[in-house]
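Good morning, and thank you for coming.

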Amino acid sequence: MIQFNAGRNWIYAKRVEGRFQRLHRASGFVLLAILAVAPWLSVGGQPVLRADLPARRLFLLGTVFTPSDGFNLVLLGLIAAFALFFFTSLLGRLWCGWFCPQTVFLEEFVRRIELWVEGDRRVRMQRDAGPMSFDKAWRKGVKWSLFAALAVLVAMAVMSFFSGPRELWTGEGGLVEYTMVGLISLGLFLDWAWFREQLCIYLCPYARFQGALTDDHSLVVSYDVAHGEPRGKGRAAAQEGHCIQCNKCVDVCPQGIDIRDGFQLECINCSRCIDACEDVMAHLGKPSLIRYSTVAEDEGRRTRWIRGRTISYSALLLGLSGLLVYRVVTHNPIEVTVNRAPGTLFQQDADGSVRNTYLVHIKNNDAVEAHDYALSVVGLDEAEVIVSDLSLEPLAAQTVPLIVRLPPGAVDRTTPFTVQIVNETHQRTVDATFKAPHRAQEEG
Ligand code: SF4
Ligand code: SF4
């Protein structure tokens, strides 16, 4: 017999309504709209956000990052990490409860579909505990079919950030793209149908280290022990401790924990238990026993929002962001290296003039436009320069020979000069040296 909860302490989170659930619905709608719409948006003719992996380009809000922007990408990664550290130290697991795709998909798709197709907690528990029946089979079939359809849609939306939405949604994407859609869909389906809260508890690295990022002054979802305890059953017992042991905060928890046991790593700060308790306590004319609070506040101390870790995280965040903005604004898309051509340092012509030959490697790091490049030499007044100008497509590179020729005796031994490369928008200079024989040697 098929056992739908075999080998797994299946969590049947009860439906809950309240002010935080309304906020979740609104924020979830905005986040899902961003997922669906953002791949189609562009700034200055470029995608707002796209990682074009085959071409090794990252488009972000009108800026194009290429492999030569490796340092900028590291800065971006550090900014994202310190932003997470900063907000976690202030607001606890705000990300987990409100913005993590896992939470948003489970709240907005999975639990809604489950409620619609299989009913609320008690009905689902009873049906799953019973033997296989037509009623159970068709409901599971419909639920999993809807999960699978939504998983494909989400996977297509995710892959649109990598390969471009138009090609993907019109069937013109490549085999690799559709294979990735298949793999992502499969992963989402298994997560929604089976894995769920175990991903937060056993797999998510952020859940592991967020304990180190928070302290007594970080916002958490907590139970008001002072007003809640000692617990009693029914309204009469609520004269002492306010908690009436209705267990609603436990029934609605998607992580399967009891927040009254204190801070637990499994808690994703989703606030479902707050709404549940607010509803119960409203009927008793009392404030909710579960709320957003800090350990300091719970212990009667003042919460300090400005403290060592928030100051250092915000300083690092500002410094790194400033550095990234500076590097993007001053970004020079001309990449040049100048090397002496292999062979002799210099060559002497029949008339005694001296020639140096260089290989100039130019790369157009502009990921969008082709450019024309003009090369010249600065610092060698009498030099005859033999070089051809060139055009380069976006991200293309080319090596061209550069010959510098000086009349006899114009310079002695090693003379520094500059190679200048100019296109319509930028210029770059590279230092080089001209080698000539020693004058005394030449005269002798
Ligand atoms: S304890 Fe409350 S806030 Fe934490 S995961 Fe459970 S329902 Fe969400
Ligand atoms: S919902 Fe509130 S009253 Fe009910 S058990 Fe939880 S903390 Fe106690």
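This is a predicted model: local features need pLDDT of at least 70, side-chain atom pairs count only at pLDDT 80 or more; totals for chains, interfaces and linings use all residues.

Let me begin with a term: a residue is near a molecule or strand if one of its heavy atoms lies within 4 Å of it. In that sense, ligand 2 is surrounded by Tyr223, Cys243, Ile244, Gln245, Cys246, Asn247, Cys249, Arg260, Cys277, Met281 and Ile290.

Residues are numbered from 1 along each chain as its sequence is written, chains are lettered from A and ligands numbered from 1 in the order in which they are written, and side-chain values use heavy atoms, with hydrogens and water left out.

For residue classes, Ala, Val, Leu, Ile, Met, Phe, Trp, Tyr, Cys and Pro count as nonpolar, Asp, Glu, Lys and Arg as charged, and the others, Gly among them, as polar. The shell of ligand 2 then holds eight nonpolar, two polar and one charged residues. Around ligand 1 there are 13 residues, and the closest are Cys253, Cys267, Cys270, Ser271 and Cys273. That shell divides into nine nonpolar, three polar and one charged residues.

I turn now to the sheet. Helices (H or I, at least four residues) and strands (E, at least two) are DSSP runs, numbered from the N terminus. Two strands pair if DSSP finds at least two bridges between them. In what order do the strands of the open sheet of four strands stand? The order is β13-β11-β15-β16, and the pairing is antiparallel. Strands β13 (390–392) and β16 (427–435) are at the edges with a single partner strand each, so one side of each has no neighbour in the sheet.

Let us follow the pairings across. Strands β11 and β13 are joined by three bridges, and aspartate 372 has serine 391 in β13 as its bridge partner. Five bridges join β11 to β15, where valine 377 has valine 419 as its bridge partner. Strand β15 (residues 414–422) pairs with β16 over nine bridges, and threonine 418 stands opposite aspartate 431 in β16.

For what follows, buried means under 20% relative accessible area, exposed over 50%, and partly exposed in between (1.4 Å probe, protein chains only). In a regular strand the side chains alternate between the two faces of the sheet.

Next come the cores. A nonpolar core is a set of buried Ala, Val, Leu, Ile, Met, Phe, Trp, Tyr and Cys residues joined through side-chain atoms within 4.5 Å. Which members of the largest nonpolar core touch the most other members? They are Ile362, Phe417 and Phe434, in a core of 25 residues. At least two residues of this core come from each of β8 (334–340), β10 (354–364), β11 (371–378), β13, β14 (397–406), β15 and β16. There is also a second, separate core of 19 residues, which includes Cys249, Ile274, Val280 and Ile290.

Glycine 28 lies in helix α1 (residues 19–37) and is buried, at 2% relative accessibility. Leaving aside neighbours within four places in sequence, glycine 28 is in contact with Val104 and Glu108. The C-alpha atoms of glycine 28 and glutamate 108 are separated by 6.7 Å, although these residues are 80 residues apart along the chain.

Tyrosine 313 is found in helix α16 (residues 308–329) and counts as buried at 15% relative accessibility. Not counting residues up to four places away in sequence, tyrosine 313 touches Phe82, Phe85, Phe86, Ser89 and Leu213.

I shall end with the backbone. Where is the cis peptide bond? It joins glutamate 229 and proline 230, with omega about -5°, and proline 230 lies in the loop between α11 (225–228) and α12 (234–237). Leucine 395, in the loop between β13 and β14, has a positive phi of about 65° although it is not a glycine. Leucine 395 is partly exposed, with a relative accessible area of 22%.

Definitions and conventions
Contact means heavy atoms within 4.5 Å.
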